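Subject: Structure for you to look at

Hello,

Here is the structure I said I would pass on. Please open it first, then read the notes below beside it.

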There are 2 protein chains.
Amino acid sequence: MELDENSLQKFGYIRRETSGSINIDPLQTGGMLTEAARRALVEWGDGYSVCDFCPGTVDIIKKPPINEFVHKALPSFLGIDEVRVTTGAREAKFAIMNSFRNKGDTVLLDGLAHYSSHLAAQRAGLLIEKVPSSASPEYTIDPEDYGHCIEKIIQKTGKPPVLALLTYPDGNYGNIPDASKIASVCHEYDVPLILNGAYSVGRMPVDAGKIGADFIVGSGHKSMASAGPIGILGASEEYADIVFRKSPTHKKKEIEMLGCTARGVSIMTMLASFPAVVKRIREWNREVENARWFSEQLGNMGIRQMGEIPHNHDLMFFEAPILYEISQNAKGGRYFLYKELKARKIHGIKPGLTKNFKLSTYGVGREKLSSVVDAFDEIIKKHD
Amino acid sequence: MELDENSLQKFGYIRRETSGSINIDPLQTGGMLTEAARRALVEWGDGYSVCDFCPGTVDIIKKPPINEFVHKALPSFLGIDEVRVTTGAREAKFAIMNSFRNKGDTVLLDGLAHYSSHLAAQRAGLLIEKVPSSASPEYTIDPEDYGHCIEKIIQKTGKPPVLALLTYPDGNYGNIPDASKIASVCHEYDVPLILNGAYSVGRMPVDAGKIGADFIVGSGHKSMASAGPIGILGASEEYADIVFRKSPTHKKKEIEMLGCTARGVSIMTMLASFPAVVKRIREWNREVENARWFSEQLGNMGIRQMGEIPHNHDLMFFEAPILYEISQNAKGGRYFLYKELKARKIHGIKPGLTKNFKLSTYGVGREKLSSVVDAFDEIIKKHD
């Protein structure tokens, strides 16, 4: 591509096509900025703005008060001893796994783990074993299976996995497994547990200490009303020195953080949204009620929610044979649903999906959720 | 910390203290947003906004046109075959090194390498050898020394380093080494060269192909008028498949990218600023002239620029015995200079430094640089 006037015109400022839509994409609902974060964006937008008063690493910056946020507020928020910000939940998982890497060692993942948990393990050169989930339609994880899998790994390799991970909830069905029980099972074998809270931390109450998780990982852009990419990594005292070990040559810098991580506006939007995030978690029961109500309404139309019922999270997976049938003859084929929803300013179900799809009701509110329900109803009746 | 009304008040929206100042911090001058990027910030601020139309990974998103930006515009811009965005230059360096990790292997760094190059190597478990720079005041790198060091590594370990790295320019003195010659020397031993262009890509013309670099790394927040954290990683065809290798289990996802990297507003600010960045590079000669002029003015006051003279970059290191002397008796001691500059709305020399400091003249313009020169003159005269 020649970089002339003509080709450069394609870049520059670009509008977001979905602005103004009701967005029910699970990736989007928990990451929408608060008004305070939107102001922070503009104030701190310049490249390395937060580093005006750099004392060595981003987490100890006092002006703005990142130090207090990372070392006091976040540990309290997560119920864990030490916290760092990272460039995302996946980067946090990798930092943990890379700290435990040793050729031939294994990490145990739940069968519903996000692809990035697999990639983090592969990047760290760890072998992967999976705790299977139950079959359709529930896809639940039995805590005792963590024990069975650990036993199997010991039989196979002569030693337990170096780490176990639990996705809480998983990103497909939004199931909330019994994390405390799983932590207990793992600890019977001295296996530290990573709780992947990319879809929980910032949405619902999660306390790593009460659960007994050794590590907790969260996503700012997914669930903490922050501009991406940003995540958090919490570690218990027992393991903090391993993951946050310092460079032998650059004594202030932590190796897994490569010195500094979320060194830009992302941390300032997280900090700006934080008071609102703490408060919204207190309203979690209402969010669960909204999700259940929504699931019921769609159920009445023959669109069946998979995963745990009654559901305990805003992320839900649906099977919609009725929409699939319509798509067989509808104008636009399998894209008909996307187009019908788009015409009603509803975004978030992937273009081309009809038979099954996931969505999130988080923070959408009953009024807008009613519009979404009405939209499905209308679309089905229209094509009937 | 209890997360009550009182403690939460510390967070939320916070003002940037240095807003409105002339900022000559080398970390800041190349990362200031363009107007287009500032608009993009607000439009794309929400967490995962760019993923509204996710086709699998962030680099192939068509709406907005990230695919065309990453796979056509950036390779052309950098003169290299394949490019990905990363969460920073350091993360790009680590991705390369991690792809070449093998116990007992070595990476060869220039003696002026940024600390994050050391940390990237340490995180990847590679041994580090350094090409020494010449002594004060020039601190230059002799290309032939890359050959000597490779020979030494072969003698010591039985094999050449798996990678060599050159910081172009270095972040202390702003010296521009003979990168083409260094690439040739490395290639005599079949050692691939990483060009760390965190302070060049986006400021000055750099063409990896012409130089002969096998990898090139850039920083969005340092030098491409982008909101942090974001960087770029370019690789020649020969090595692209190694660094951008895909997961065996998740075929669309690249392991070193953990699937997706700059998955948020940072990529949209880079894209928004890109036309302006391409254009500003054409004005590089003027920037060099401004830097030389500034260096000369400070030289006339007894503040001596270290590194290459005449200088070829906006990043400069100064020794100021005269300011150090003043600090011995001035009110505020070693903080006097910071305070005097702050009173004149000039920011960027670290609080407490007087004897030596670095700064950058990039994009500041002759008028504001004159104000900075006048400020130094006034401060010296005032305390004389």
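Two residues are in contact when they have heavy atoms within 4.5 Å of each other. In chain A, take the contacts between residues at least 6 apart in sequence: 67% of them join residues at least 24 apart. Please keep in mind that this is a predicted model.

Overall form

Chain A contains 15 helices and 12 strands. Its C-alpha trace spans about 70 × 60 × 50 Å along the principal axes. A compact globule of 384 residues would have a radius of gyration near 21 Å, and the 22 Å of chain A agrees with that. Of the 384 residues in chain A, 63% are buried.

How is chain A superposed on chain B? It takes a rotation of 180° with 0.0 Å of shift along the axis, and the RMSD is then 0.0 Å. The two copies are therefore related as by a two-fold rotation axis. Both copies use the same surface, as 100% of the contact residues of chain A recur in chain B.

One residue to look at here is B:His250, in the loop between α10 (237-243) and α11 (265-281) of chain B. Apart from neighbours within four places in sequence, B:His250 is in contact with A:Tyr115, A:His118 and A:Leu119. B:His250 has a relative accessible area of 21% and is partly exposed, because buried would require a value under 20%.

The core

The largest nonpolar core has 218 residues, and A:Phe77 and B:Phe77 have the most contacts inside it. Leaving out residues up to four places away in sequence, B:Phe77 touches A:Leu3 from chain A. In chain B, the residues that B:Phe77 touches include B:Val201, B:Met224, B:Phe274 and B:Ile281.

Cysteines

How many disulfides are there over all chains? The count is 0. A:Cys54, for example, is in no disulfide, and the nearest cysteine sulfur, in A:Cys51, is 5.8 Å away. In chain B, the sulfur of B:Cys54 is 5.8 Å from the closest cysteine sulfur, that of B:Cys51. This is too far for a bond, because a disulfide needs the two sulfur atoms within 2.5 Å. A:Cys54 is partly exposed at 25% relative accessible area, and B:Cys54 is partly exposed at 25% too.

Backbone exceptions

Most residues other than glycine have a negative phi, and most peptide bonds are trans. Some places in this model depart from that.

- B:Lys63 and B:Pro64 are joined by a cis peptide bond, with omega about -10°. B:Pro64 is in the loop between α2 (35-43) and α3 (66-78) of chain B.
- The peptide bond from B:Ser136 to B:Pro137 is also cis, with omega near 5°. B:Pro137 lies in the loop between β4 (127-131) and α6 (143-157) of chain B.
- A:Tyr139 is not a glycine, yet has a positive phi of about 55°. A:Tyr139 is in the loop between β4 (127-131) and α6 (143-157) of chain A, and counts as buried at 18% relative accessibility.
- A:Leu258 has a positive phi near 50°. A:Leu258 sits in the loop between α10 (237-243) and α11 (265-281) of chain A, and is buried, with a relative accessible area of 1%.

Regards

How values were computed
Residues are numbered from 1 along each chain as its sequence is written. Chains are lettered from A and ligands numbered from 1 in the order in which they are written. This is a predicted model: local features need pLDDT of at least 70, side-chain atom pairs count only at pLDDT 80 or more; totals for chains, interfaces and linings use all residues. Side-chain values use heavy atoms; hydrogens and water are left out. Buried means under 20% relative accessible area, exposed over 50%, partly exposed in between (1.4 Å probe, protein chains only). Copies are superposed by least squares on the C-alpha atoms of residues with pLDDT of at least 70 in both. A nonpolar core is a set of buried Ala, Val, Leu, Ile, Met, Phe, Trp, Tyr and Cys residues joined through side-chain atoms within 4.5 Å. Helices (H or I, at least four residues) and strands (E, at least two) are DSSP runs, numbered from the N terminus. The radius of gyration is taken over C-alpha atoms; the globule rule is 2.2 Å times the number of residues to the power 0.38.
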